[in-house]
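Biologist: Thanks for sitting down with me over this one. Shall we look at the side-chain packing together?

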Amino acid sequence: MNIRTKLFLGIGILAGLIILLVTISVVNLQILTVTEPDSPLAMPRLQSALIWVSVTGGICVLIGLTFLVWLPRSIDRPVKELTRGILEIANHNYGKRLDLKGNEEFRRVADSFNKMAEQLTKYRASTLADILSAKKFLEAIVNSINDPIIGLSREREILFINNEALNVLNLKRENVIRESAEELALKNDLLRRLIRELVTPGEKKEPLKIYADNKESYFQAFYIPIKNVEVGEDEWQNLGDVILLKNITEFKELDSAKTTFISTISHELKTPISAIMMSLQLLEDKRVGSLNEEQEQLSKSIKENSERLLNITGELLNVTQVETGKLQIMPKITKPIELIEYAIKANRVQADRFNIQIEVEYPEGKIPKLFVDSEKIAWVLTNLLSNAIRYSKENGRVIIGARQDEEYIELYVQDFGKGIDPRYHQSIFDRYFRVPGTKVQGSGLGLSISKDFVEAHGGTLTVESDLGKGSRFVMKLKA
């Protein structure tokens with residue numbers, strides 16, 4: 001029975017009862033009106049009329065109350081049942097089914113609801129299967145990667161980790177998934193170092209030395225932020241980070257072999273170069289005979305090239321000291337002016353050759369002394385001044401000086417040559433790098449070694465340069 005039928009039935013019955021009540025009342029009223037008031041039949045007829053009206057009225061009231069209770073309930077019950085079913089579906093309980101057979105409209109709604117729930121059940125099963133399949137596929141991919149890899153959520157929880165990472169970190173999968181990496185790092189030194197470097201971006205990341213698979217290995221850590229844009233939004237949201245450890249053991253071994261080779265060759269070259277230099281001194285000694293003009297030119301060329309080779313071997317030896325960690329700093333109290341004078345003296349011949357005027361800028365007042373390895377800092381200053389002279393035009397000038405900057409002493413060398421393109425301001429401190437188009441001979445090691453020497457003292461070496469305006473190299477050391 002549908003709702004319309006129920007309403008028509010209820011209203012019809014109530015209307016019929018009202019008509020019946022009115023009819024009985026009218027009939028009894030007519031009977032009473034034709035009866036004489038003094039007649040002995042008046043009282044019984046009055047009582048009979050009251051009984052009929054009262055009984056009929058009571059029946060009407062009872063039936064009306066019955067309809068008042070039954071009709072709303074018959075509509076409210078299936079509505080509440082449908083509401084509960086919708087809430088169950090909203091809570092992902094797709095197994096919920098409705099049974100509303102007593103009402104035609106709600107039976108159709110229940111059939112539609114049940115079909116929807118059945119489709120959702122099938123969709124959920126297929127979607128869950130797809131998700132599990134995709135998850136297994138991604139896990140297989142991650143575990144197939146030969147390099148250790150760790151996936152972290154925004155809250156630093158470990159979402160995934162491959163077997164290589166578990167092996168390197170000496171952890172078990174069941175103890176790390178969905179666990180806080182920061183809490184696990186309290187008991188794992190390597191993981192603590194990885195997390196520390198993750199939260200301090202911008203710092204230079206040194207290779208990690210790890211003992212794994214019964215051998216010493218070197219790994220370079222790479223931190224990849226995972227970001228995504230939600231549908232309808234413009235801002236990127238951080239979802240977490242991936243830590244990738246690249247095994248660079250092979251490259252480290254090759255680098256070590258290269259360093260050993262360079263060190264060996266440099267030492268071996270020094271002996272024949274020294275022999276050549278001594279032979280030149282004997283040739284130039286006029287006590288054994290004078291050289292003609294052509295021989296003197298050849299002797300001069302041999303000497304220049306020998307000195308150049310000697311400088312290169314010295315630079316290579318310095319490089320090997322830095323790379324092998326054998327760079328020894330022996331500091332002592334030194335006046336900045338002494339370092340400047342040493343650099344000028346070492347470059348005097350070169351400056352006179354190109355007719356370069358060396359100007360010294362030094363404060364008249366008292367300037368603090370430096371506690372540095374004077375030999376190495378003097379080497380840096382000498383190298384900077386030599387470069388300034390070589391890259392200056394003939395009959396030009398260079399400036400070398402010192403000044404105090406709060407708790408630091410700045411030693412600087414400035415030339416007025418063609419300058420350095422800003423694109424190469426960082427690259428010029430890399431080993432073997434030479435600015436494209438440079439015609440001046442050099443090994444490309446001087447600035448790299450200079451930077452290493454200065455940084456070993458806790459200082460900095462920077463350049464200020466513009467094309468056509470020259471260059472200014474500034475060495476900043478703590479007083």
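Biologist: Happy to start with charges and rings. Over the face of which residue does Lys-476 lie?

Modeller: Keep in mind that this is a predicted model. Lys-476 is placed 5.2 Å from the ring centre, and a charge sits over a ring if NZ of Lys is within 6 Å of that centre and within 35 degrees of the ring normal. The ring in question belongs to Tyr-408.

Biologist: And how far is the charged end of Arg-472 from the centre of the ring it sits over?

Modeller: Here the ring is that of Tyr-412. The charged end of Arg-472 is over this ring, and its distance from the centre is 4.0 Å.

Biologist: Nice. Which kind of aromatic pair do Phe-429 and Phe-473 form?

Modeller: Phe-429 is buried at 8% relative accessibility, and Phe-473 is buried at 9%. Phe-429 belongs to the loop between β10 and α12 and Phe-473 to strand β12, so their pairing ties together parts 44 residues apart in sequence. Their ring centres are 6.4 Å apart with the planes at 80°, and planes over 60 degrees apart count as edge-to-face, so the pair is edge-to-face.

Biologist: Lastly, which element gives the largest share of the largest nonpolar core?

Modeller: That core has 38 residues, with Leu-381, Leu-385, Ile-400, Leu-411 and Met-475 touching the most other members. Elements supplying at least two residues each include α9, β9 and β12. The largest share, 8 residues, comes from α11.

Notes
Residues are numbered from 1 along each chain as its sequence is written. This is a predicted model: local features need pLDDT of at least 70, side-chain atom pairs count only at pLDDT 80 or more; totals for chains, interfaces and linings use all residues. Side-chain values use heavy atoms; hydrogens and water are left out. A nonpolar core is a set of buried Ala, Val, Leu, Ile, Met, Phe, Trp, Tyr and Cys residues joined through side-chain atoms within 4.5 Å. Buried means under 20% relative accessible area, exposed over 50%, partly exposed in between (1.4 Å probe, protein chains only). Helices (H or I, at least four residues) and strands (E, at least two) are DSSP runs, numbered from the N terminus. Rings of Phe, Tyr and Trp (its six-membered ring) pair if their centres lie within 6.5 Å; planes under 30 degrees apart count as stacked, over 60 as edge-to-face and the rest as tilted.
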